Amino acid sequence: MQYKTIIRALALSGMILNPALGWSEEAAAAVTAEATQEDVAQQEKVKARLAEIKAEEKAAAKAANGYYVERRSYGTQKETEPPKYVKQANKTWLKDFDAFSDVDWLDVGFEYRARYESRQNDFRRARENIDDPLLLRSRAYVGLKNILDPFRFAVELQDSRRNHSDYNDSTDRRLSSDPKDIDHADILQAYLELYYKDSIFGKDDLGNSRPFWVRGGRLAWEDLDRRLIARNEWRNTTNTFQGVRANIGEKKNDWQLEAFAVQPIQRFTSQLDKIDHAQKFYGLVGDWRGWSEYVTIQPYYFYLKQDGSKVQYDGNGSAYNDRTVYTAIQQARASIDREVSTGGVRVYGVIPGTQWDYDAAYNKQWGHVERFIGTTVAAGRYITVDHDAYAYNAEIGYTFAKQSWKPRLSASYGVASGDHVSGGNTNTDTSDAQGFDRLFGFARPWSNNDYVQMNNIRAAKVRVEFDPKVPFLDNVKVDTGFSWYHLDDATDRWAAGNNLQDASGRSGRDLGKEYDLRVRFPLNQYASLNLGYAHFWAGDFVQDAVSATAANRTAFDQNRSDSSNFFYTELTLLGF
């Protein structure tokens, strides 16, 4: 073998072509051909081994993650269960104590968040102002698992406060006692659970057990892309429910099925929250991951039923019968029966062999809704109309995975139907209800200013996300984007804009544009910082509708600026 190698080297160097050595050109060609064949064979072996390594890595990832593929779309990652600030006791600093070194049956968590905001000309308010609130939120969690299986339980408490806001002293209770910001010391979750890791539903083709669990009590969770059911992690307070929730499977499995029957919890600022007996909410959510390399499919169905005779409070916890806040006609319009079904499907994934990702969903709503027709309670009447609405959104992105900063570029478009006012008069409108009901979802990622909700909107966005390499900081994440907003229906309201409306439609549909920037980074394992900025340019609708009617001229500031600025600094501290 060494002799052949020497001859091959000589042949390739051209020495064997020297007649003085006594070698012929034919011999040189033969040796060169043999060398080429062996090199090709060696290269094939290297390629085969690299393919084996890649297959082994893929198999290891498959074993670790099962069928689950994480979505890449902006702002749609669900909160974990239990929440990500919660840790297993023996995986925290408690493990340094002998009593906790082997405790794998206890989950504990504590989180404190402080966010300073500076809002200049906040379009969520009817009048221009500069507000600098300090929003404080504390959470604590204790959960028991494993040791008493199948019996488990968990309790999560939350305290939310707002300091230094101009609106704390407002004579309008909807502003001074706003449960979107304030909810003193209350129960976020408190449930009992039956958990079966090895259930009657067997295992998937990868050998992963398909667990089954059912929970009853106070519940808070997120589903799908968070647009319809969310914990509202950005907001200072949190959506929560009372009832039963059951689940077959987990995200590692090829399929998963969730069902729930709950009632929303009505939040109050300074008293214990309580069940909203006017509403009942049911749902069924599926996940099919059998083609996880290509697509995850999530079909779903939700049913919301409201008994108008039991409606007592608005979303701010203000009583409709409080005449310092609501008139009798406003109370009559709120006290309506409605039955709304929401059916849809979401698909998302990564295109195989590429860095392209996608996320798309379509929602259809149908049912029956009451309307109160008339200008006075005595002369008015209730009628029942059909509810016929829709919403859809789609996002496509590309990640430059080979770049050190791993930038991801994306573009998205979303629509949620508005409620057309027939004849331009809400007092006499007998047409179908066409406004999409966003149920219990969250405003972001529609708008970083919180100016847009999933109702009466058409939104186009472009975004860039990247992880810059900073010498003195690890895991810095930056995202920035630009958005264009239009109302879906010019006669319907701008819900997040203090319900600004021009029922005639003459103010148009141009809602505005928004630029936003966010920087997130950990200071250490127990502290992280979130910095952000958003600027909004008001469109023709915002500028024209404030003077469209006498009621608008009274309620809204006629001389306000046509843009707004929003800065914030958010510090999060963890106890474990």
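Which residue lies over the face of Tyr74, and at what distance from the ring centre?

Guide: The model is predicted. Arg463 is the residue over the face of Tyr74, and the distance from the ring centre is 3.9 Å. Another ring with a residue over its face is Tyr68: Lys251 lies there, at 4.6 Å from the ring centre.

A search of the whole structure gives 35 aromatic pairs. Such a pair is described by two values, the distance of the centres and the angle of the planes.

One of the pairs is made by Phe123 and Tyr451, with 5.9 Å from centre to centre and 90° between the planes. An angle over 60 degrees counts as edge-to-face, so the pair of Phe123 and Tyr451 is edge-to-face. Phe123 is in the loop between β2 (106-120) and β3 (130-131), while Tyr451 is in the loop between β16 (408-416) and β17 (457-466), so the pair ties together parts that are 328 residues apart in sequence. Phe123 and Tyr451 are both buried.

Trp221 and Phe260 form another edge-to-face pair, with centres 5.1 Å apart and 65° between the planes. This pair also links distant parts of the chain. Trp221 sits in the loop between β7 (212-219) and β8 (241-248), Phe260 belongs to strand β9 (residues 255-266), and the two are 39 residues apart. Both residues of this pair, Trp221 and Phe260, are buried. They also belong to one aromatic cluster, together with Phe241, Phe281, Tyr300, Phe302 and Phe440.

Last, the chain as a whole. The protein chain has 6 helices and 21 strands, and 49% of its 576 residues count as buried. Of the contacts with a separation of 6 or more, 67% are between residues 24 or more positions apart. The C-alpha trace spans about 120 × 60 × 45 Å along its principal axes.

Terms used:
Residues numbered from 1 in each chain as written. Predicted model: local features only at pLDDT ≥ 70, side-chain atom pairs only at ≥ 80, totals over all residues. Heavy atoms only, no water. Phe/Tyr/Trp six-rings, centres within 6.5 Å; stacked < 30°, edge-to-face > 60°. Helix = DSSP H or I, 4+ residues; strand = E, 2+ residues; numbered from the N terminus. Buried < 20%, exposed > 50% of the residue type's maximum accessible area, 1.4 Å probe, protein only. Lys NZ or Arg CZ within 6 Å of the ring centre and 35° of its normal. Contact = heavy atoms within 4.5 Å.
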